[in-house]
Amino acid sequence: MYPPGHRLFRQGDPGSAVLALISGRVKVLGIEPDGGQLLITLRGAGDLIGEVAARRLSKRTATVETIDRCTARVLSVDRFNAFLNRHDGHSVLTDYLVTKLSQTVPYQVELVHFGPERKIARLLLEVVALADRSSANPDHIPFSQQEVADALGMARSTVALHLQRLREIGALRSGPRLAVSDLDALKDSAGV
């Protein structure tokens, strides 16, 4: 069990383990040499974490942090690879990696061409989509304005402006915490 904000893996560390995420959400971040960071993708229950470095026995390609309380099963690289060998699972893992990559690359390309409000709405939609619907507040977005700004490479003032607009159109609830009020309005802003 890992608390919110816990760093599971650090970019550049050796890939010595794989996590099977049982519950919760994580953010996968690319860390720049100057300490800046950008959100690469989000993962949720049922996803593998750290599988790329484990497969190549190389260093971590990204930093992974928990968004909310997470439960995960930890497998050493040796146990993970032994499991794949025993169950002839390497092709399944390859298919999984291709699927995850094919979800991430178009998403990142689209984000480059979107305006700030659409980028923010897409991020918020994805965070809510990965939430456990049986949790107490599945529409709560456990990000601060600064975390949204950091994730998308935006100025905090830009994020604040567009979050206010999303509140004005009813997509988000009023108040200091981010929470979805009208999913359809948020989808409209996200262009989906």
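Biologist: Which strands does helix α2 lie across?

Modeller: Helix α2, residues 77-86, lies across β2, β5 and β7. Its direction is at about 85° to β7. Keep in mind that this is a predicted model.

Biologist: OK, and what's the strand order in that sheet?

Modeller: The order is β5-β2-β7, an open sheet of three strands with antiparallel pairing.

Biologist: Which strands stand at the edges?

Modeller: β5 (48-49) and β7 (71-76). Each has a single partner strand, so one side of each has no neighbour in the sheet.

Biologist: How many bridges join β2 to β7?

Modeller: Six, with β2 covering residues 17-23 and the two strands running antiparallel.

Biologist: Switching to helices. At what angle do α4 and α7 pack?

Modeller: About 135°, with the axes 7 Å apart. α4 is residues 116-129 and α7 is residues 183-190.

Biologist: Which residues make the contact?

Modeller: From α4, Glu117, Arg118, Ala121, Arg122, Leu124 and Leu125. From α7, you've got Leu183, Leu186, Lys187, Ser189 and Ala190.

Biologist: How many of the residues in the contact of α4 with α7 are nonpolar, polar and charged?

Modeller: Six nonpolar, one polar and four charged.

Notes: Residues are numbered from 1 along each chain as its sequence is written. This is a predicted model: local features need pLDDT of at least 70, side-chain atom pairs count only at pLDDT 80 or more; totals for chains, interfaces and linings use all residues. Side-chain values use heavy atoms; hydrogens and water are left out. Axes are lines fitted to C-alpha atoms, for helices over the stretch in contact, and angles run from 0 to 180 degrees between N-to-C directions. Helices (H or I, at least four residues) and strands (E, at least two) are DSSP runs, numbered from the N terminus. Contact means heavy atoms within 4.5 Å. Ala, Val, Leu, Ile, Met, Phe, Trp, Tyr, Cys and Pro count as nonpolar, Asp, Glu, Lys and Arg as charged, and the others, Gly among them, as polar. Two strands pair if DSSP finds at least two bridges between them.
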